[in-house]
Amino acid sequence: MSLRYLTAGESHGRALVGIIEGIPAGLALDAAYLHRQAKRRKLGFGRGNRQNIETDAIEILAGVRFGRTLGSPIALMIENRDWRAWSEIMAVEPLSAEAEANMRRVVTVPRPGHADRIGGIKYAHGDMRNVLERASARETAARVALGSVARRFLEELGIRVASRVVQIGEIVDRSSFDAIPFEENELERIDASPVRALDETAAAQMVAAIERAKAAGDTLGGIVEVVARGLPVGLGSYAHWDRRLEAEIARAFMALNAIKGVELGLGFGLAATPGSSAHDAFYPGDGAAKTVYRTNRAGGIDGGMTSGQPIVVRAAMKPLATLMKPLDSVDLGTGEAKSAHVERSDVCAVPAAAVIGESLLALVLAAAVLEKFGGDTLDEIAERVRGWDATVRAR
Ligand code: EPS
């Protein structure tokens with residue numbers, strides 16, 4: 001097990017916490033870096049009022065001393081500022097009979113498309129708040145915090161991760177992923193787009209589509225693209241099914257709330273493409289390598305291994321299940337037909353999903369790097385990666 005991480009926390013509970021284990025010693029890491037990444041997740045047109053309440057400042061509780069990782073587990077905490085308004089509803093202590101009788105915001109009518117109904121059945125929660133508090137995408141703030149630690153580690157090895165929005169509702173941005181900015185000082189360009197689109201015309205149309213959905217009490221999904229560059233050749237393996245890197249990437253993205261589809265490179269498009277134009281041909285190298293590619297239809301992975309080309313992942317997000325004009329549902333307490341529960345929410349969280357996707361990919365890649373190169377200190381790993389790059393050039 002090269003890298004593992006856990007999160008805990010309810011959406012309106014006191015805080016989100018995350019622990020990551022396996023990051024080597026000697027990595028420069030500070031809370032300001034993590035906070036910069038966390039703030040990027042909050043951006044995006046279509047988010048609700050909650051984003052104005054939360055600052056998503058990240059506290060490093062353990063695993064770092066004098067600005068460098070110790071090699072021990074790193075523990076992070078993000079306060080839920082909104083908890084102050086929810087401290088009775090989300091109290092940890094047992095309820096008094098009076099408080100139980102006066103409990104507010106009890107959820108008995110599940111939202112179609114949300115975890116409410118099945119979670120309530122599965123965990124015997126009559127009040128489905130017990131489900132939605134944890135099923136909420138608020139938890140992704142913790143995954144971004146942990147993913148930003150992985151990102152910091154990858155940066156030291158020259159590996160960069162970035163993202164953009166490709167589609168919101170029916171509006172598609174047809175720009176190439178090659179135009180995505182990667183360096184921290186360049187990221188602001190796409191972070192400044194209201195919807196993380198590269199093309200300004202598409203961005204304006206996406207904003208208008210979100211506005212229309214909001215006015216109609218509706219929500220919108222979309223497609224995000226996450227790209228990683230600067231990868232060593234040969235992360236992952238063809239040798240056994242559970243070592244294939246695409247599988248890990250798909251798992252990480254499918255584990256993000258509301259994601260219903262994942263593809264690499266041309267992905268589903270390959271189904272309709274003949275073999276003659278579906279693959280990436282090899283050409284004689286330029287001196288630095290024996291072979292080079294001119295296309296990246298595979299999305300950076302062949303046979304479950306990194307090819308050294310950029311990894312290009314796309315994920316499709318369904319529209320959020322909390323509708324201000326709610327769908328038909330049933331009160332599970334009384335059995336009556338009712339409109340689904342309505343709770344303050346976002347209209348569209350696709351731009352946030354793109355930023356979260358960067359962290360998910362960073363976590364998968366950091367684990368793959370650690371598995372291939374091992375090492376207890378950053379220097380040890382960096383030296384092994386450099387040595388491997390030289391080996392690859394000669395093969
Ligand atoms: C969410 C509902 C909204 C979002 C929340 C995810 O929260 P609330 O019900 O408090 O308005 O704002 O996302 C975040 C708080 C966040 O930081 O991303 C949901 O139901 O998934």
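I began with charge: Lys and Arg count as positive and Asp and Glu as negative, while His and the chain ends are not counted. I took the place of a charge as NZ of Lys, CZ of Arg, CG of Asp or CD of Glu. The mean positions of the 49 positive and 50 negative charges of the protein lie 2 Å apart.

I noted the ground rules next. The model is predicted, and local features need pLDDT of at least 70, side-chain atom pairs count only at pLDDT 80 or more, and totals for chains, interfaces and linings use all residues. Residues are numbered from 1 along each chain as its sequence is written, and side-chain values use heavy atoms, with hydrogens and water left out.

I looked up the overall form. The protein has 12 helices and 17 strands (DSSP runs numbered from the N terminus: H or I of at least four residues for helices, E of at least two for strands). Along the principal axes, the C-alpha atoms fill a box of roughly 75 × 50 × 40 Å.

I then checked burial. Of the 395 residues, 47% count as buried (under 20% relative accessible area with a 1.4 Å probe and protein chains only; exposed is over 50%, partly exposed in between).

What makes up the largest nonpolar core? I used the term for a set of buried Ala, Val, Leu, Ile, Met, Phe, Trp, Tyr and Cys residues joined through side-chain atoms within 4.5 Å. The largest has 82 residues, and F153, I249, I311 and L361 have the most contacts inside it. Helix α11 (residues 350-373) gives the largest share of this core, 17 residues. Apart from this core lies another of seven residues, including A162, F177, F182 and V227.

Leaving out residues up to four places away in sequence, L361 touches V161, V226, V227, A228, I249, F253, I311 and V313 (contact means heavy atoms within 4.5 Å).

Last, I looked at two backbone angles. F66 is not a glycine, yet its phi is positive, near 50 degrees. F66 sits in the loop between β4 (64-65) and β5 (68-69), and is exposed, with a relative accessible area of 72%. A258, also not a glycine, has a positive phi of about 75 degrees. I found A258 in the loop between α10 (245-254) and β10 (259-264).
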